[in-house]
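Biologist: Thanks for making time for this. Could we walk through the model together, one question at a time?

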Amino acid sequence: MLERLSFLPDLHLVGGAVRDILLGLEPEDLDFATSAPPEEVMRLARQAGLGVAPTGLEHGTVTVLIDHRPYEVTTFRRDVETYGRRAKVAWGRSIEEDLARRDFTIGAIAMDAQGRVIDPYGGQRDMEAGVIRAVGDPLERFREDYLRVIRAGRFAARYGFQIEKETLKAAREAAPKVLAHVAVERVTAEFNKAFAAPPPAQPSRFLRYLYELEILQRLIPEFEDNHLLLQNPHWHPEGDVLTHVLEVVDRAPPQYRWHALLHDIGKRDTARWKPEGWYSFPGHERVGAALIPRIARDLRLPSHLRDELVVTTGLHMVPVLSKPTPAAIRRFQAQAGPHLEVLKALFEADGAGRRPKEAWAFFEPQPVPVQPILMGRHLIARGHRPGKGFGPILKAAYEHQLETGETDVERLYQAALARLSRG
Ligand code: ATP
Ligand code: MG
């Protein structure tokens, strides 16, 4: 791809793509850097017959389309001023200047059109050693942009690397300031990236790092002291709530990791000490579901995710506690609505390894509709006058439907009347 853009002066491949290529991984997206200012990049790309869009002109970024695929081309930048948030930047003259403002050595490597590697900060050495190390003075780099404290943990979890000693020390020192200085949207975006990373990435390492830095608890106060909440060893040989939740996050499919992270969020507020030496958490799923809207608002999660989290957190104990009778399954299906699949994935991630296989049977959906079949219009057709009397009949019919799997309107109607006359 470097050849197709060779009309750009001092063209280099940069950032995560170089890192992934050198690690022998498939790079996600290719980002390029050039000495040409953005207007010049647009002009040259058009001249070469390529589509261009000014996607981030103020940062120097132009998107170039090659074979209908987008590539970001960014003008070399250098820091001119910093004030604890993002660095203020100006166009730079050299790739070295540009690499100097990147956060970690493994992401501060460039590759030129001849395939030569430019690696002024020993990124390849750190890659081989499996180390995340800040470029330059770590505390200074974290103060320039506190999000980097979180990014360090994400990269360590993604590649199974260790954070280098001085970098970790600076991260601990900077940690209490992170959330006051960084927009929560950027923090949530890091969670999303950590959750989406392919194996061998371990999102639990990212989360435990944030817990040890007391960032996770500041973000979501219900995580406070979760490592002290011991659980019944019969159900939870892994021990405390934090360890359990992090294991479930790792086992859950990437798209359901928020659900895993928040499924037991009601445990802290419901913890009751048992003389046996552990806590029980009666009603934690209900309490947890009630906490979700506030947490989702704090984290700026999209509303469809918030709505689903309310359901999954609220219902996650149903398959654990009920006997998998067809009636129980129908009732569960009715409550779960369109969220049955995620509840199943969560149930498997939650219980893997500690539940007998028969329990999975619960999730073979019952092959009958679980929406109410007997409706008001059926009662009108049978001579009932619309009014207060409708409610109890419809409710009794629906209960009978879920209980027995009955789907015939007339039989549901008769059963409802019989139930009500029995009182
Ligand atoms: P991924 O795309 O998997 O998150 P990445 O390394 O590509 O990893 P991006 O956020 O896409 O990360 O950024 C691309 C490159 O830009 C990084 O490799 C890094 O060199 C630089 N960079 C990004 N964000 C920052 C930041 N907050 N501070 C300093 N450099 C950064
Ligand atoms: Mg990237």
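Biologist: Where does glutamate 214 lie?
Modeller: First, the ground rules: residues count from 1 along each chain as written, while chains are lettered from A and ligands numbered from 1 in the order written. The model is predicted, so local features need pLDDT of at least 70 and side-chain atom pairs pLDDT 80 or more, while totals for chains, interfaces and linings use all residues, and side-chain values use heavy atoms, without hydrogens or water. Helices (H or I, at least four residues) and strands (E, at least two) are DSSP runs numbered from the N terminus. On that scheme, the place of glutamate 214 is the loop between H10 and helix H11 (215-219).

Biologist: Is the peptide bond from proline 199 to proline 200 cis or trans?
Modeller: Proline 200 belongs to the loop between H9 and H10. Omega for the bond from proline 199 to proline 200 is near 5 degrees, and that bond is cis.

Biologist: Where does ligand 1 sit?
Modeller: A pocket is an open set of points on a 1 Å grid over the protein atoms alone, with protein on both sides within 12 Å along at least five of seven lines; a cavity is a set where a 1.4 Å probe fits but cannot get out, and lining residues have an atom within 4 Å of a point. To sit in either, a molecule needs more than half of its atoms within 2 Å of the grid points. By that test, ligand 1 is in the largest pocket.

Biologist: Which element gives the largest share of the lining of the largest pocket?
Modeller: The space in the largest pocket is about 1500 Å³, taken as that filled by probe spheres set on grid points joined across faces, edges and corners. Its lining has 37 residues, with Asp31, Arg77, Arg102, Arg151 and Lys193 closest to the centre. H1, strand E2 (31-34), strand E5 (69-75), H6 and H9 each supply at least two lining residues. The largest share, six residues, is from H6.

Biologist: And which element gives the largest share of the shell around ligand 1?
Modeller: Counting residues with a heavy atom within 4 Å, there are 15 around ligand 1, and Arg19, Arg148, Arg154, Arg158 and Lys193 come nearest. Five residues, the largest share of that shell, come from H6.

Biologist: How far is an oxygen atom of ligand 1 from an N or O atom in the side chain of arginine 158?
Modeller: Let me set it beside two other pairs. A backbone N or O atom of aspartate 103 is 3.1 Å from a nitrogen atom of ligand 1, and a polar side-chain atom of arginine 154 is 2.8 Å from an oxygen atom of the ligand. For the side chain of arginine 158, the distance to a ligand oxygen is 2.6 Å.

Biologist: Which element gives the most to the lining of the largest cavity?
Modeller: The whole structure has one cavity of 30 Å³ or more, and the largest cavity holds about 30 Å³ of space. Among its lining residues are Arg154, Ala157, Arg158 and Phe206. Helix H6 (147-159) and helix H10 (203-212) each supply at least two lining residues. With three residues, the element that gives the most is H6.

Conventions. A polar contact is a pair of N or O atoms within 3.5 Å; within protein, one must be able to donate a hydrogen and the other to accept it, and residues adjacent in sequence count only if both atoms are side-chain atoms.
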